[in-house]
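I opened this notebook to keep track of what I looked up, one entry at a time. Where a residue sits and what its side chain meets are the two things I wanted to follow.

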Amino acid sequence: MENQSRVFDSFYEHPFRCFADWSCISDKKKEKWKFFLAWVLLCIWVFQGVSGQDWDGVIITAADYQGLQAFKSELLDPKGFLKSWNDSGFGACSGGWAGIKCAQGQVIVIQLPWKGLGGRITEKIGQLQGLRKLSLHDNVIAGSVPQTLGLLPNLRGVQLFNNRLSGSIPPSLGFSPLLQTIDLSNNSLTGLIPDSLANSTKLYRLNLSYNSLSGSIPLSLTRCLSLVFLDLEYNNLSGSIPDSWGESLKNRFFQLQSLTLDHNFLSGSIPVSLSNLIELQEVSLSHNNITGGIPSEIGRLSRLTTLDFSHNAINGSLPASLSNLTLLTKLDLSQNKLSGEIPESLSNLNRLSFLNVSFNSLSGPVPKPLSQRFNSSSFIGNIQLCGYSASAPCPSEAPSQIFPAPPPEKQRAHHRKLSTKDIILIAAGALLIVLLILCCILFCCLIRKRTQSKAKNGQATARAAARGEKGVAGAGVEAETGGDAGGKLVHFDGPMVFTADDLLCATAEIMGKSTYGTVYKATLEDGSQVAVKRLREKITKSQREFETEVNVLGKIRHPNLLALRAYYVGPKGEKLLVYDYMSKGSLATFLHARGPETPIDWPTRMRIAQGMTRGLFYLHNNENIIHGNLTSSNVLLDEHNNAKIADYGLSRLMTAAANANVIATAGALGYRAPELSKLKKANTKTDVYSLGVIILELLTGKSPGEAMNGVDLPQWVASIVKEEWTNEVFDLELMKDAPTIGDELLNTLKLALHCVDPSPSARPEVQQVLQQLEEIKREAEAVAGTSGGDDGAAGTSEEK
């Protein structure tokens, strides 16, 4: 028996060697072994034939099989995603069980997001000792977070966000030594945040936002070396923010990059120790009860891109050290009690794209560069602040007296009481002056009315001549020469008619600046508004070339392209382009400069993506125009959130040097295709790259200009997807509706990544992008229609 066992072991370890060398089996038993092997092969063949499935020979361990069965029994599966979890355990570790991955017979991943699962998570999940990742986000799972998760020594990621979990966070969760990510956001968790969560030396992401957690922020989190992202927003946290960030880490590296604590009940002052977090890129403490001043030490955070202290009770003055934050793109200090003047040095923050200091107690003049870059909404609500709009001018200094005032004694000496005759004469003189002023006003009004009537008659005659005669200014074009200032105004078809004098005398407010020039919001005398782009004279082509090209651009009409309504060429070479005014502003402002109380749903974002793709397709296909500078700032929105591409064709009006500068600027903002660093000339594939970046911007809610671990937005998204954390890419607002729009999000993400492929030849043409976007929308509508009539319809696809 012992010999037989030894021979069997030899066969198990070296089966092919035994077949080749029969010496490992005695001669007497060769015949018996032949029969035995034939019987085994026959059983395997029959088994595979009956099962009809391929099997790789990996068998799940008994403990893991029991744990999964217990896990399934506690869940509700209305859509039948767990039907593949059979009672025999067959295929559990061979890809046959949905959402399960194994290694050496042990379950290492449970990944079942967006499956409509209900019920609760069993405590027997602690039997899965090899489990590394638990991803059950975007379901309707209730109950508490299992205590036994802390007994899993290999656990690395827990993603249970967007569910209905309740109860407190188990302290045992911090006992998993390899834990890297904990995301329990958007649930109904209560109680305190356990100190033990910071025990893991690998923890780099902790997201507990959108719950009802209370108590204070644990001190242990301020000393967690590995932590990179900490998000505790929208809870009921109270007390002061700990002032011990990085204090015990002398000569050690603290990696925190994002600290989000807004919408809580935190009090006290802003911790000075935040300045120890040299890697910090984003800080949001808004909507709390924070008092005290802004520490000047904040100026040490040289990598900071977003600083939001709005909606608190912060007082004191603005520290000049804020000007040291050269990478800052967003600064929001609105709705506080700040006083004093705005430091002139803040004008040096060249990357600042959003500034809001409204509703404070600031005083004095707004630095001129800031008033030119940002509109009045950034400064309103400061009664003593001036110089930021025409309605809030700064008072001029009182003129000094040329002659000194006479001494009071002499004044009293010359003072005498006025007689009745003197009073009558003074009154008559004053009345005469008033009558003369009224006569002058009436005379001026009569002259102006007569001039306007003549001008209207002249315009009517010009329009009739233009309609009746060919070749005057082209179809749909009306030319007006002259005006008080001279120059030439050319109208294209449009709803508004105005003269050159009306345009030049309109009140103007700066909306923004670019390489091409400055954009103004002009309000005409009748109250109508237009957008006027004043081009820089030195970078435009000659007047003859300019007029030839601009007349072509003025005839382009498409629902998703901003229409050029008119242009003006002044006597000194100044050139103005007149467009429809879009009151909602740019897509960049719509996405990144709004408050949390104005969410943007997915249908709106998809409509914007489709609209700008249609506009770009029309430019490429019908007008043979390459945009070359497509950014979210150049996509404007009308009152119904329809996208309209602006600044198309401007490269035709500019010199080659100006266009090269525009391409470089687009690269700095994160929209430039990589090959443009060598080609220096845009084409259809570079436009598609920019389009892909904007679609990623719609999906993630992130600006391409933000610093994300030293990589651009496409690289950051690709790295997250590669690590199988795809859900972390999407904007949190979108994840709330993931059960219904999950497929759309994933398919749109794939399309966007296709558009930003580093290889131009691998990118689709814009026509293909448009077709795929429309196909994604049609599929989603079909699924929605089917789900409405059949509750058992398949849900969204599994996370990639």
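I began with K488, which is partly exposed, with a relative accessible area of 25%. I kept in mind that I was reading a predicted model. The side chain of K488 meets that of E547 in a salt bridge, with N and O 3.0 Å apart. This pair links distant parts of the chain, since K488 belongs to strand 24 (residues 488-492) and E547 to helix 9 (residues 543-553), 59 residues apart. E547 itself is buried, because its relative accessible area is 14% and the limit for buried is under 20%.

Entry on other salt bridges. How many salt bridges does the count come to? I noted 11. In one of them, E279 and R303 have their closest N and O atoms 2.8 Å apart. E279 is in the loop between strand 14 (265-267) and strand 15 (282-284), while R303 is in the loop between strand 15 and strand 16 (306-308), so the pair ties together parts that are 24 residues apart in sequence. I then looked up how covered the two partners are: E279 counts as buried at 10% relative accessibility, whereas R303 is partly exposed at 40%.

I also found R565 and D580 joined by a salt bridge of 2.8 Å, N to O. R565 lies in strand 28 (residues 564-569) and D580 in strand 29 (residues 575-580), so this pair ties together parts that are 15 residues apart in sequence. Both R565 and D580 are buried. Finally, I wrote down that R605, D731 and E733 are linked in a network of salt bridges.

Helix 11 has 21 residues and reaches 29 Å from its first C-alpha to its last, which is close to the 30 Å expected at 1.5 Å a residue. I saw that 15 of its 21 residues are buried, so that I called helix 11 mostly covered. Helix 11 is followed by N624, whose phi is positive, near 55°, although N624 is a residue other than glycine. N624 has its place in the loop between helix 11 (602-622) and strand 30 (635-637), and is exposed, with a relative accessible area of 63%.

Helix 14 (residues 684-700) has 17 residues and spans 24 Å between its end C-alpha atoms, close to the 24 Å expected. Of its 17 residues, 16 are buried. What caps the N-terminal end of helix 14? I found N683 there, with a side-chain oxygen 3.0 Å from the backbone nitrogen of K685. After helix 14 comes G701, whose phi is positive, near 75°.

Entry on two loop residues. Y234, in the loop between strand 11 (229-231) and strand 12 (238-240), has a positive phi of about 55° although it is not a glycine. N163, in the loop between strand 6 (157-159) and strand 7 (166-167), is buried at 9% relative accessible area. The side chain of N163 reaches the backbone oxygen of L136 at 3.0 Å, and a polar atom of that side chain lies 3.3 Å from the backbone oxygen of F161.

Entry on an annotated span. The unreviewed UniProt entry gives "transmembrane region" for residues 35-51 and 423-447. I looked at residues 423-447, which are 100% helix, with their end C-alpha atoms 37 Å apart. L431, I433, V434, L435, I437, L438 and I441 make a nonpolar surface patch of about 650 Å². Among them, L435 lies in helix 7 (residues 420-468) and is partly exposed, at 47%.

Note on methods
Residues are numbered from 1 along each chain as its sequence is written. This is a predicted model: local features need pLDDT of at least 70, side-chain atom pairs count only at pLDDT 80 or more; totals for chains, interfaces and linings use all residues. Side-chain values use heavy atoms; hydrogens and water are left out. Helices (H or I, at least four residues) and strands (E, at least two) are DSSP runs, numbered from the N terminus. The expected span of a helix is 1.5 Å times one less than its number of residues. Buried means under 20% relative accessible area, exposed over 50%, partly exposed in between (1.4 Å probe, protein chains only). A polar contact is a pair of N or O atoms within 3.5 Å; within protein, one must be able to donate a hydrogen and the other to accept it, and residues adjacent in sequence count only if both atoms are side-chain atoms. UniProt positions are given in the numbering used here, feature names are shortened, and annotations may be inferred rather than shown by experiment. Patches are made of residues with over 30% relative accessible area and no salt bridge: like charges are joined within 9 Å, nonpolar side chains (Val, Leu, Ile, Met, Phe, Trp, Tyr) within 5 Å. Accessible areas come from the Shrake-Rupley method with a 1.4 Å probe; for residues, only the protein chains shown count as cover. A salt bridge is a side-chain nitrogen of Lys or Arg within 4 Å of a carboxyl oxygen of Asp or Glu.
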